[in-house]
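Here is my note on the side-chain contacts and one of the pockets. Please read it with the structure open.

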Amino acid sequence: MRWSNAPLLVNPETKLLLRQSDLEEGGDENLFMCWDTKTNSVKPLPYPWDDDLEPALMGTYEVAGMQCPTGLQALWESVEEFTLEKAAEICWLDADKIEEAIKIYVDGPGGISLGVATDQHPSSSVCAMCACMLNLIMGYVGKPGCLLQSFGMGPNSEAMPFRMLRTEESARKAFGSSVEYKGLNLNFHCHIPSCLKAIETGEPYQPHIWIEGSGNKLAMLANPERWRDAARKMDLVVHTYIYPTSFTAECADIFLPEVEWLESYMLQNTLNYVFVRQPVTHLFEGVPGQYLPSMIIKKCADLGNPMAQRAMAGDDGATGDHYWKDFDDFMDWYVATVGLDREGYEELCEKGWMEVMPEEEYRQYEVYKQIDPETGLPKGFDTSTGKVELYAESQVTLGRTGFPWTAPPYSQEYRLDPASEDYPAVPYYIEPDESPLTDEEYPFVLSNGRLPIYHHGTLRNNPYLRELYPVPEVWINPDSAGPLGIEDGDWVHVSSRRATITARAKVTLGVNPREVYMERFWNPEFLENGGDISQSWKAMNVNMLSNGESRYDRVFGSYTLRGYTVKIEKTDAPPEGVWYRPEDFQPWMPQPSDETEMVFA
């Protein structure tokens with residue numbers, strides 16, 4: 001009641017919260033309205049509260065000829081039909097188990113934390129909205145044992161140097177995120193499918209240079225064949241990574257080696273401490289990925305590029321981005337993020353950790369209730385009302401203007417054009433485009449994810465790890481495997497409506513009979529065994545199957561990387577050239593430069 005916008009009325013015409021300025025000429029646009037049950041009339045509710053009022057938490061009320069629901073009423077109406085039984089039917093779960101889980105959750109304190117899975121679906125923003133709103137409804141905010149906290153901030157040793165080159169004009173031209181998918185502007189991203197379309201078609205304009213800072217795009221994105229062909233249309237493709245991959249071989253003109261994150265003394269913030277990751281052996285030449293963009297920008301500045309010269313002039317306090325004139329300059333900045341000089345940093349690397357702020361300064365609860373000395377009022381939350389949003393007005397504003405993610409480093413007044421339709425302020429449900437409810441030819445829903453053996457697309461060229469997990473598995477329930485004649489360890493084809501790949505069956509009770517599971521994989525052996533190098537990202541790559549052309553999430557533009565339909569068929573053998581026996585990986589074994597003592601034979 002007091003710290004959310006649940007009792008505030010919604011203006012059905014604007015889809016924003018009802019303000020005094022909506023009802024009175026010259027009214028305050030920052031004063032929000034509620035329905036007072038004492039007087040049975042609409043009243044302004046000043047921040048943070050008015051004890052003389054008794055706002056209605058639920059209901060719809062006629063105000064100035066409009067039917068205005070409360071924020072909580074609007075939320076309730078959006079989810080009312082989803083009973084335990086309906087949710088169980090959609091999710092292939094047991095209604096009693098859902099209820100049992102709910103009771104554990106509400107017993108609290110606690111919270112719902114989301115991972116990568118909900119970022120890879122057309123409902124990604126809705127999943128995040130629902131998890132957040134459930135935590136807010138329970139009051140799991142700023143209390144011990146809850147996830148939503150306002151703890152003290154430790155040092156920030158990360159920077160994104162390229163993004164300060166983005167002017168207000170170029171922000172309006174960003175692929176996808178300038179109009180439709182404005183949630184991407186939080187981290188200055190473009191929309192991936194829109195970027196692909198622009199390279200292919202030249203609409204709305206033709207990109208010419210691609211500086212690629214991740215590992216193997218051909219293994220990590222849907223539509224990899226289109227991406228391979230699109231990269232070849234570029235005038236210049238520069239790949240920066242720790243070693244060559246399929247993307248390097250198929251797409252890159254220039255390869256710039258980076259120091260891998262495990263090969264350096266990287267600072268890691270954890271609670272009120274900073275730890276220094278102890279590096280593994282660094283075998284080859286390279287520079288840290290944080291510093292590499294500065295080298296490029298400095299060269300552009302030397303060649304007279306005005307945007308690069310502006311960037312090199314100094315720090316941008318609004319974004320925290322930095323540019324370094326040389327490596328010593330970079331290191332001075334890096335160690336200063338934890339308040340040290342180079343000598344102190346070397347001591348920190350030796351010790352491994354340091355406390356950056358006292359525990360009592362770091363771990364503060366109910367920060368929103370603390371009094372702001374400038375206003376004399378509670379600090380509240382960073383929303384239009386100063387309260388948490390059970391009716392997500394900020395989503396509507398984001399879709400119409402891009403605010404607040406378009407402000408820094410631009411002027412506070414800078415706004416983008418509105419999306420073609422408003423972002424929803426309350427949750428909604430959509431069935432996936434490819435659904436087992438309607439698809440008999442492809443009966444299984446495929447999910448995917450990561451394994452602890454590897455990190456994203458890395459380390460498939462490590463002989464020890466490949467011996468542990470040589471090829472991708474497809475997990476299938478025995479009730480589903482039996483009728484298909486599939487036994488544990490069999491080679492199988494996994495097919496979607498886009499492609500067919502090969503995997504090894506793992507028959508397990510760990511998946512639903514109507515579901516199968518795979519993880520991302522690629523095969524570096526094809527880059528050096530004289531075969532078709534495209535097989536490195538075609539033969540066993542789950543993203544050959546992924547659906548990059550279905551609906552996109554309305555806020556972030558997420559597409560379907562998991563949750564699409566496939567079929568499974570037994571086959572006789574792996575693709576020719578795939579390494580899967582321990583002896584296959586002998587060429588990758590490290591070769592000692594000096595004779596070492598034989599300890600055991």
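**Notes on contacts and a pocket**

1. Arg 226 is partly exposed, at 28% relative accessible area. Keep in mind that this is a predicted model. Arg 226 pairs with Glu 549 in a salt bridge, and their closest N and O atoms are 2.6 Å apart. Glu 549 sits in the loop between H19 and strand S17 (564-570), while Arg 226 belongs to helix H9 (residues 224-231), so the bridge ties together parts 323 residues apart in sequence. Glu 549 itself is exposed, with a relative accessible area of 52%.

2. Which residue forms a salt bridge with Glu 421? The partner is Arg 554, with 3.4 Å between the closest N and O atoms. This pair also links distant parts of the chain, 133 residues apart. Glu 421 is in the loop between helix H16 (393-401) and S12, and Arg 554 is in the loop between H19 and S17. Glu 421 is partly exposed at 45% relative accessibility. Arg 554 is partly exposed too, at 24%.

3. Arg 581 and Glu 583 form a further salt bridge, at 3.8 Å from N to O. Arg 581 is partly exposed, with 37% relative accessibility. Glu 583 counts as exposed because its relative accessible area, 54%, is over 50%.

4. Now the rings. The model has 31 aromatic pairs. One of them joins Tyr 454 and Phe 521, with 6.1 Å between centres and 80° between planes. Is that pair stacked or edge-to-face? It is edge-to-face. Tyr 454 lies in the loop between strand S12 (444-449) and helix H17 (463-468), and Phe 521 in the loop between strand S16 (515-519) and helix H19 (535-538), so the contact ties together parts 67 residues apart in sequence.

5. Are the two partners buried or exposed? Tyr 454 is buried, at 7% relative accessibility. Phe 521 is buried as well, at 0%. Tyr 454 has another contact to check: Arg 460 lies over the face of its ring, 4.2 Å from the ring centre.

6. Next, the second largest pocket. Its volume is about 2400 Å³. How many residues line it? The lining has 50, and Ala 87, Ile 90, Cys 91, Cys 127 and Tyr 429 lie nearest the centre.

7. Where does the lining of this pocket come from? Helix H2 (71-79), helix H3 (84-91), helix H4 (95-107), helix H5 (124-137) and S12 each give at least two residues. H5 supplies the largest share, with seven residues. By class, the lining holds 35 nonpolar, nine polar and six charged residues.

Definitions and conventions: Residues numbered from 1 in each chain as written. Predicted model: local features only at pLDDT ≥ 70, side-chain atom pairs only at ≥ 80, totals over all residues. Heavy atoms only, no water. Phe/Tyr/Trp six-rings, centres within 6.5 Å; stacked < 30°, edge-to-face > 60°. Helix = DSSP H or I, 4+ residues; strand = E, 2+ residues; numbered from the N terminus. Buried < 20%, exposed > 50% of the residue type's maximum accessible area, 1.4 Å probe, protein only. Lys NZ or Arg CZ within 6 Å of the ring centre and 35° of its normal. 1 Å grid on protein atoms, 1.4 Å probe; cavity = no way out; pocket = protein on both sides within 12 Å on 5 of 7 lines; lining within 4 Å. Points joined across faces, edges and corners; volume = space filled by probe spheres on them. Nonpolar A, V, L, I, M, F, W, Y, C, P; charged D, E, K, R; others polar. Salt bridge = Lys/Arg side-chain N within 4 Å of Asp/Glu carboxyl O.
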